[in-house]
Amino acid sequence: MKQLTKAEEDIMQILWLLKKANVKSIIEQISEPKPAYNTVSTIVRILESKGFVGYEKQGKGHVYFPIVEKNDYSNQSINKLVDNYFQGSFKSMVSFFMKKNDMSMKDLESVLKEINKKDL
């Protein structure tokens with residue numbers, strides 16, 4: 001799966017939220033200052049070429065929808081982060097976040113409980 005730029009990821013976040021949208025609807029979800037219509041349209045077409053977005057014809061325009069699930073992209077992005085910055089070690093990543101973000105033992109226990117629920 002290809003990596004997305006920040007602008008592409010921002011558009012995908014909106015499409016994952018809306019499920020289906022035309023360019024105008026996407027722009028409505030973006031905070032000020034809003035990008036130009038052509039800018040968003042170009043990003044959506046790039047996402048389509050990368051295989052992240054599909055479309056349906058609707059009148060004279062298109063309605064876009066995500067092809068790649070948010071969860072799938074999130075998993076791939078987290079794995080790449082761990083590989084690139086923590087030598088593939090989730091333990092190193094958790095340790096880093098505990099040290100840098102003053103994560104408490106209570107927070108860590110909460111995370112472990114969530115992990116254990118998923119293993120059941």
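I started with a pair in helix α1, lysine 6 and aspartate 10. They are 4 residues apart in that helix, so about one helical turn separates them. I then checked their side chains in this predicted model. Lysine 6 and aspartate 10 meet in a salt bridge, at 2.8 Å from N to O. Side chains of opposite charge can pair when their charged atoms come close. How many salt bridges does a search of the whole structure find? I got 4.

Next I looked at how α1 packs. Helix α1 covers residues 6-18 and helix α3 covers residues 37-49. I read an angle of about 90° for their packing, with the axes 10 Å apart. Angles of 65 to 115 degrees count as roughly perpendicular, and therefore α1 and α3 are roughly perpendicular to each other. I listed the residues that make the contact. From α1 they are Ala7, Glu8, Ile11 and Met12. From α3 they are Val40, Ile43, Val44, Ile46 and Leu47. I sorted the residues of this contact by type and found 8 nonpolar, no polar and 1 charged.

Then I went through the loops. Most residues other than glycine have a negative phi, and most peptide bonds are trans. I noted two entries against that background. Lysine 19 is not a glycine, yet has a positive phi of about 75°. I placed lysine 19 in the loop between α1 and α2. Is the peptide bond from glutamate 32 to proline 33 cis or trans? I found it cis, with omega near -5°. Proline 33 sits in the loop between α2, residues 23-29, and α3.

I turned to the strands. Strand β1 spans residues 53-58, and strand β2 spans residues 61-66. I saw them pair in the antiparallel sense over 6 bridges. One partner I looked up was that of valine 53, which is proline 66 in β2. The hairpin of β1 and β2 has 2 residues between the strands. There, glycine 59 takes a positive phi near 65°.

Last, I checked the domains. The chain is divided into domain 1, residues 6-66, and domain 2, residues 70-119. I noted 30 Å between the C-alpha centres of the two domains.

Technical notes
Residues are numbered from 1 along each chain as its sequence is written. This is a predicted model: local features need pLDDT of at least 70, side-chain atom pairs count only at pLDDT 80 or more; totals for chains, interfaces and linings use all residues. Side-chain values use heavy atoms; hydrogens and water are left out. Axes are lines fitted to C-alpha atoms, for helices over the stretch in contact, and angles run from 0 to 180 degrees between N-to-C directions. Angles under 35 degrees count as roughly parallel, over 145 as roughly antiparallel, 65 to 115 as roughly perpendicular and the rest as oblique. Contact means heavy atoms within 4.5 Å. Ala, Val, Leu, Ile, Met, Phe, Trp, Tyr, Cys and Pro count as nonpolar, Asp, Glu, Lys and Arg as charged, and the others, Gly among them, as polar. Two strands pair if DSSP finds at least two bridges between them. Domain bounds come from an automatic or database domain assignment. A salt bridge is a side-chain nitrogen of Lys or Arg within 4 Å of a carboxyl oxygen of Asp or Glu.
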